[in-house]
Amino acid sequence: MTTTEQHIDQILIPILEQVSDPEIPVLSIMEMGVVRSAVIENNIVKVQITPTYSGCPAMDVIGDDIKKALKEAGYNSEIELILSPAWTTDWITPKGRKALEDYGIAAPLSAEADKDVLLHGKRIVKCTNCGSTNTRLVSQFGSTACKAQFQCDDCLEPFDYFKCLK
Amino acid sequence: MKNENLYKYILGIADNSLILGQRLGELCGHGPSLETDIACTNISLDLFGQVRSYYQYASKVAGDGRTEDDIAMLRKEREYVNVLLVEQPNTDFAYTMARQFLFDMYHMLFLNELQKSKDVTLSAIANKCIKEVSYHLRFSSDWIKRLGDGTEISHQKMQDAIDGLWTYTDELFHQTEADKQMVEEGIGVDVIKLKETYYTKVSELLHEASLKTPESKYFQKGGKQGVHTEHLGYLLSDLQYMQRTYPNMEW
């Protein structure tokens, strides 16, 4: 039942694009795919957002930031947190993936490759510093619940890998 | 309460995650290594996040003004209905991982079925949680193998932990009256049907980790009726301290 359909009024897109993920400031919530709908009804913007992870502490902040951005643009808003369909890393846009990599977080691989990496220790995650795939898993959980910790064995740089969630 | 069975059913699921989350949270700053410390607290965070969805729903079902926080923080020991397994202490890292693995395996099977619930809220929560729990299971399975198949000492410690906690596994498959009612209505999961798969999968992994599957048939129960081991009271006094000391305080 997973649908990637989003209902977002065109006029709201530039406003929502200004709101960033507080844990990954280079990424807007639009690129992250957490905004599932945003429509204007009777002068109030109704926004539905979905958490990346259930316990993601960023969700409250994201809700407040959306309200603030919309207020500045002259809209009152209501935020609703929805769980279904559940967020997947597939909803991160290509631009978002690029922003992640530039920021030093390796973007999620396909579900199959993700398993190879996290379970069987395959060296295919590209180091965000030097591009080498001579990298290894340090821990399945990194600085936040959505990431795993890696290290590059060529340039020795430690970095995060955004785990595939499907 | 209009739908008391549903309310009880939600608590039955949520309390397991709350208490296990609290146990893992105790390791914050005390994990055996930085990576395992972070992993345990991340899993704890996932569980607490899941718990919020359940308690928010329970608060709606109760409809008596109690908030999610009231339900989580202000019940007495006998009113918590988590299974005994999750309240067992972090005796050592082998115990912590064995407890995690024995619960994660059940949790995966359970959520997989809960996704098919006729109750749309429970099914949506299950659909969200199962993605996170699959990572928990990978993590704990990995440690069972590493310690079981590691040195002589790590093997012995892991075997001791599995043997010590085995007595709490059977309770996962017990049903309360509310559970039975919910199964009847197509809302709840018939856990009895999961039992065989659970023990098969657990045994397979233990075998892979060169560990023995315990043969003891002596099992403890009571958590689901609110009758707990001596460990829960201490855990709750930690969990509830702030709300009891400064009632209604908020961050």
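Which residue, with a positive phi, follows α2(B)? That residue is G63(B), with phi near 60°.

1. Basis. This is a predicted model, in which local features need pLDDT of at least 70 and side-chain atom pairs count only at pLDDT 80 or more, while totals for chains, interfaces and linings use all residues. Residues are numbered from 1 along each chain as its sequence is written, with chains lettered from A and ligands numbered from 1 in the order in which they are written. Helices (H or I, at least four residues) and strands (E, at least two) are DSSP runs, numbered from the N terminus.

2. Helix α2 of chain B. The 29 residues of α2(B) should span 42 Å at 1.5 Å a residue, and the 41 Å between its end C-alpha atoms agrees with this. The expected span is 1.5 Å times one less than the number of residues. Of the 29 residues, 23 are buried, so α2(B) is largely enclosed by the rest of the structure. A residue is buried if 20 or more other C-beta atoms lie within 10 Å of its own, exposed if 12 or fewer, and partly exposed in between, with C-beta atoms placed from the backbone.

3. Packing of α2(B) on α6(B). The two axes come within 11 Å and cross at roughly 170°. Axes are lines fitted to C-alpha atoms, for helices over the stretch in contact, and angles run from 0 to 180 degrees between N-to-C directions. The helices α2(B) and α6(B) are therefore roughly antiparallel; angles under 35 degrees count as roughly parallel, over 145 as roughly antiparallel, 65 to 115 as roughly perpendicular and the rest as oblique. From α2(B) the contact takes in A39(B), I43(B), D46(B), Q50(B), S53(B), Y54(B) and Y57(B), and from α6(B) it takes in T121(B), I125(B), C129(B), E132(B), H136(B) and F139(B). By class there are 7 nonpolar, 4 polar and 2 charged residues in this contact.

4. S140(B) sits in helix α6 of chain B and is buried, with 23 other C-beta atoms within 10 Å. Beyond its neighbours within four places in sequence, S140(B) contacts M97(B), Q100(B), F101(B) and D104(B). Helix α5 of chain B covers residues 93-114; its 22 residues should span 32 Å, and its end C-alpha atoms are 30 Å apart, which agrees. Of these 22 residues, 17 are buried, and α5(B) is mostly covered.

5. V189(B). This residue is in the loop between α8 (177-184) and α9 (195-208) of chain B. V189(B) counts as buried, with 24 C-beta neighbours inside 10 Å. Apart from neighbours within four places in sequence, V189(B) is in contact with F110(B), E113(B) and L114(B). The C-alpha atoms of V189(B) and L114(B) are separated by 5.9 Å, although the two are 75 residues apart along the chain.

6. L84(B). Helix α4 (residues 84-87) of chain B contains L84(B), which is buried with 24 other C-beta atoms within 10 Å. Its contacts beyond four places in sequence include Y168(B), E171(B), Q220(B) and H228(B). I19(B), 65 residues away along the chain, has its C-alpha atom 9.8 Å from that of L84(B).

7. Backbone points to check. A cis peptide bond joins S84(A) and P85(A), with omega about -5°; P85(A) is in the loop between β6 (76-81) and α4 (94-103) of chain A. N42(A), not a glycine, has a positive phi of about 50°, and this residue is exposed, with 6 C-beta neighbours inside 10 Å. S210(B) also has a positive phi, near 55°, and counts as partly exposed with 13 C-beta neighbours inside 10 Å.

8. Annotation. UniProt lists "domain: MIP18 family-like" (unreviewed entry) at residues 16-72 of chain A. UniProt positions are given in the numbering used here, feature names are shortened, and annotations may be inferred rather than shown by experiment. Residues 16-72 of chain A are 35% helix and 35% strand.

Conventions: Two residues are in contact if their C-beta atoms, placed from the backbone, lie within 7 Å. Ala, Val, Leu, Ile, Met, Phe, Trp, Tyr, Cys and Pro count as nonpolar, Asp, Glu, Lys and Arg as charged, and the others, Gly among them, as polar.
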